[in-house]
Amino acid sequence: MQSSSRATPVVVLRGIALDGRADWIFAPLGWDAASLERRFPFSGRPGAGNRRALIRPSQLVELVGEFGERPCVDLPAPYALSRLMRRNMLAVEILIARVPPSGGLGHSAVA
């Protein structure tokens, strides 16, 4: 389902461990979702409620250099993105979820 152009994109990163399991989840603040969608092959159509892409850990390092590693919420030091990135990872999944203006994750944002 197409979401409203006024929906707020939220970027979420998920580190994929060498065994294929999710090792960590991190929501960075201020990352440009449109720029990410132009740069990487995301699933789904532009503007869709949820879109996903897999990137290499080295690409995450580049993104952190460009957008920073500030979290959406204050976290204790062990959960800083720079510390999470030191773990051995197979890949990093980027999820872009579009949250409707009402603030909830209505039906349009659920995959």
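Author: Two strands pair if DSSP finds at least two bridges between them; helices (H or I, at least four residues) and strands (E, at least two) are DSSP runs, numbered from the N terminus. This is a predicted model, in which local features need pLDDT of at least 70 and side-chain atom pairs pLDDT 80 or more, whereas totals for chains, interfaces and linings use all residues. Residues are numbered from 1 along each chain as its sequence is written, and side-chain values use heavy atoms, without hydrogens and water.

Reader: In which sense do strand 1 and strand 2 pair, and over how many bridges?

Author: The pairing is antiparallel, over 4 bridges, with strand 2 spanning residues 22–26. The two strands form a hairpin with 4 residues between them, and G20 in the turn has a positive phi of about 90 degrees. Strand 1 (residues 8–17) also pairs with strand 4 (residues 89–99), in the antiparallel sense over 10 bridges. There, A17 has M89 of strand 4 as its bridge partner.

Reader: Which residues touch the most other members of the largest nonpolar core?

Author: A nonpolar core is a set of buried Ala, Val, Leu, Ile, Met, Phe, Trp, Tyr and Cys residues joined through side-chain atoms within 4.5 Å. Buried means under 20% relative accessible area, exposed over 50%, and partly exposed in between (1.4 Å probe, protein chains only). Here the largest core has 21 residues, of which L13, W24, W31, L36 and I94 touch the most other members. Two or more residues each come from strand 1, strand 2, helix 1 (33–39), strand 3 (50–55), helix 2 (57–67), helix 3 (81–84) and strand 4. Contact means heavy atoms within 4.5 Å; leaving aside residues up to four places away in sequence, L13 touches, among others, W24, F26, W31, L60 and I94.

Reader: Which residues of helix 2 are buried, and which are exposed?

Author: Q59, L60, L63, V64 and F67 are buried. They lie on the same side of helix 2 because they cover an arc of only 145 degrees around the axis, the arc being that of the directions from the helix axis to the C-beta atoms. E62 and G65, on the other side, are exposed. The buried residues of helix 2 pack against strand 1, strand 2, helix 1, strand 3, helix 3 and strand 4. After helix 2 comes G68, with a positive phi near 90 degrees.
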